[in-house]
Amino acid sequence: MADFNQILNAGDVDGCVVNVVVEIPTGSAHKIEWNRELAVMQLDRVEPAIFAKPTNYGFIPQTLDEDGDELDALIITSEPLPTGIFLEAKVIGVMKFEDDGEVDDKIVVVPADDRNTGNAVNSLADLPERLIQQIEFHFNHYKDLKKAGTTTVKSWGDAEEAKVVIHESIERWNNR
């Protein structure tokens, strides 16, 4: 497997198109994570099936969020994406999130070339309200059986706010 942090960069952040590597497909209860030291995908744990991911989940290469991991991305597609691929993705927003007191924001993206929708999704407002509710519920509760109350969705931001988060994460990567 390629070392995604060596062969990819974050992409055209100011143009709202970033590279995203898929770790977890929509509907999976497997918590698959990129192991930066070994440059491989690793099964970290198996979550209870009731907490399967409501979206594809991945990361933006050559970024570091405040929690020390690559910046997470929620990838909205009509079908699950396989672990280990990357895509060019359009930034549509950010979910401001805390996990056990640490900032762990999630950039919300869609494929940059989505001919199925005619590239109709350009902001969080273009997503079904029910999907936003499901994502928020998932992230507020997915650790409840182990450490209840340790995860909190703080707010949602637009693409401009997401770009600020991405740029800050690139800066942390460059200064590591």
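**View 1. Strand E7 and its antiparallel partners.** In this predicted model, six bridges link strand E7 to strand E9 (residues 106-111) in the antiparallel sense. Look for Ala89, which stands opposite Pro111 in E9. Ala89 of E7 is also the bridge partner of Val18, and strand E2 (residues 17-24) pairs with E7 over five antiparallel bridges. Strand E10 (residues 151-157) runs antiparallel to E7 too, joined by six bridges; here you can find Glu98 partnered with Thr152. How many of the 14 residues of E7 (residues 86-99) are buried? Ten are, so the strand is largely enclosed by the rest of the structure.

**View 2. The hairpin of E7 and E8.** These two strands run antiparallel and are joined by two bridges. Asp99 has Glu102 in E8 as its bridge partner. Two residues lie between the strands, and Asp100 in this hairpin takes a positive phi near 55 degrees.

**View 3. Lys163 in helix H4.** This lysine sits in the helix that spans residues 159-174. Is Lys163 buried or exposed? Its relative accessibility is 12%, so Lys163 counts as buried. The side chain of Lys163 reaches the backbone oxygen of Asp14 at 3.3 Å. Leaving aside residues up to four places away in sequence, Lys163 touches Val13, Asp14 and Cys16.

**View 4. The largest pocket.** About 410 Å³ of space is found here. Of the 23 lining residues, Lys31, Glu33, Asp67, Asp69 and Asp104 lie nearest the centre. The lining has 16 charged residues, six nonpolar and one polar. Strand E3 (30-35) gives the most, with four residues, while E5 (56-60) and E8 (102-103) each supply at least two.

Note on methods: Residues numbered from 1 in each chain as written. Predicted model: local features only at pLDDT ≥ 70, side-chain atom pairs only at ≥ 80, totals over all residues. Heavy atoms only, no water. 1 Å grid on protein atoms, 1.4 Å probe; cavity = no way out; pocket = protein on both sides within 12 Å on 5 of 7 lines; lining within 4 Å. Points joined across faces, edges and corners; volume = space filled by probe spheres on them. Nonpolar A, V, L, I, M, F, W, Y, C, P; charged D, E, K, R; others polar. Buried < 20%, exposed > 50% of the residue type's maximum accessible area, 1.4 Å probe, protein only. Polar contact = N/O pair within 3.5 Å; in protein donor to acceptor, adjacent residues only side chain to side chain. Contact = heavy atoms within 4.5 Å. Pairing = 2+ DSSP bridges.
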